[in-house]
Amino acid sequence: MQDPRIRIAAAAILSVSAFISLHGAVLAFLWWLVFTPGVHLIKKIRLVVPLLLMTAFFSLLLEIFSGDGLSYFIRMAVIILIGMWLYGEQKPTEFLSASVWLLGDRAGFDLGLVAEMGMQSLSCIRADAGRIRVAEKIKGLRWGVRSLIPGSVILVHGALARAEDSAELLAIRGYRSGGTLCPEFQKGPRDPVAGFFAVCVAFLALVPVSEFFILYR
């Protein structure tokens with residue numbers, strides 16, 4: 001998907017659809033299989049597996065103490081897959097360009113800048129996770145549930161430290177608000193089709209499950 005406007009909008013719509021209902025999550029997952037690299041994405045971005053394992057851990061705790069852990073895991077797993085697809089497809093300045101196109105040079109520029117900094121932070125987290133895995137191999141340790149929580153703490157601490165450094169750098173350079181950008185976009189042949197079906201998924205996610213049988217009849 002080449003047009004970042006359609007890609008970002010589709011990711012947002014599908015994430016909301018997956019969150020609000022279980023069948024919405026299933027439909028969003030089917031969309032993910034059709035319009036994204038699918039399994040190849042998981043092989044390309046290794047951060048997907050640790051995130052899914054972390055979600056499974058918290059889903060298990062939720063199932064034990066209050067129930068509904070399986071539904072939570074399915075919905076959150078689909079949201080993670082969609083988020084990782086958006087992260088893998090996104091190119092530098094695309095968030096900024098789409099935000100300026102939608103909201104203008106002030107609010108749009110600020111929001112886009114925050115999004116770009118967030119994507120940069122994800123790249124750094126991915127690199128940190130790789131270094132943690134290398135360090136564990138050097139020490140002869142196997143990656144597993146025991147290393148999940150300490151590794152997560154290291155990743156969160158590093159992300160917060162980088163966010164503070166970035167804020168200080170912007171303040172030193174005198175950044176206040178807004179900026180100038182002339183965005184340009186390219187459309188792929190499947191972009192409109194993918195966007196249309198993403199909207200269809202959102203519509204069906206709002207329909208109660210019992211209504212599907214009525215529509216089928």
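F185 has a relative accessibility of 22%, so it counts as partly exposed, since the buried class ends under 20%. This value, like the others here, comes from a predicted model.

The ring of F185 pairs with that of W101: their centres are 6.3 Å apart and their planes stand at 80°, which makes the pair edge-to-face. Here two distant parts of the chain are linked, as W101 belongs to helix α6 while F185 sits in the loop between α7 (145-172) and α8 (191-205), 84 residues away.

## S97, another contact of F185

Helix α6 also holds S97. With 10% relative accessibility, S97 is classed as buried. If you set aside its neighbours within four places in sequence, S97 touches L181, P183 and F185.

## Other aromatic pairs

The structure has seven aromatic pairs. One of them joins F57 and F58, in an edge-to-face arrangement with 5.4 Å from centre to centre and 70° between the planes. Are these two residues buried or partly exposed? F57 is partly exposed, because its relative accessibility is 29%, and F58 is partly exposed too, with a relative accessible area of 45%.

There is also a cluster to look for: W31, F35, W85, F196 and F197 are linked by ring pairs.

## Where α1 meets α6

Helix α1 (residues 4-20) and helix α6 (residues 94-138) have axes that come within 9 Å and cross at roughly 90°. The two helices are therefore roughly perpendicular to each other, a class that covers angles from 65 to 115 degrees.

On the α1 side, the contact involves P4, R5, R7 and I8; on the α6 side, E94, F95, A98 and W101. Sorted by class, the contact of α1 with α6 has five nonpolar, no polar and three charged residues.

## Where α2 meets α5

Now for a second pair of helices. Helix α2 (residues 22-35) packs against helix α5 (residues 69-89) at an angle of about 30°, and their axes are 9 Å apart. This angle makes α2 roughly parallel to α5, because angles under 35 degrees fall in that class. The crossing of α2 and α5 is left-handed.

Which residues of α2 and α5 meet? From α2 come L22, A25, A28, F29, W31 and W32, and from α5 come S71, I74, R75, V78, L81, I82 and W85. The contact of α2 with α5 counts eleven nonpolar residues, one polar and one charged.

Key:
Residues numbered from 1 in each chain as written. Predicted model: local features only at pLDDT ≥ 70, side-chain atom pairs only at ≥ 80, totals over all residues. Heavy atoms only, no water. Axes fitted to C-alpha atoms, helices over the stretch in contact; angles between N-to-C directions. Helix = DSSP H or I, 4+ residues; strand = E, 2+ residues; numbered from the N terminus. Parallel < 35°, antiparallel > 145°, perpendicular 65-115°, else oblique. Left-handed = near helix turned anticlockwise from the far one by under 90°. Contact = heavy atoms within 4.5 Å. Nonpolar A, V, L, I, M, F, W, Y, C, P; charged D, E, K, R; others polar. Buried < 20%, exposed > 50% of the residue type's maximum accessible area, 1.4 Å probe, protein only. Phe/Tyr/Trp six-rings, centres within 6.5 Å; stacked < 30°, edge-to-face > 60°.
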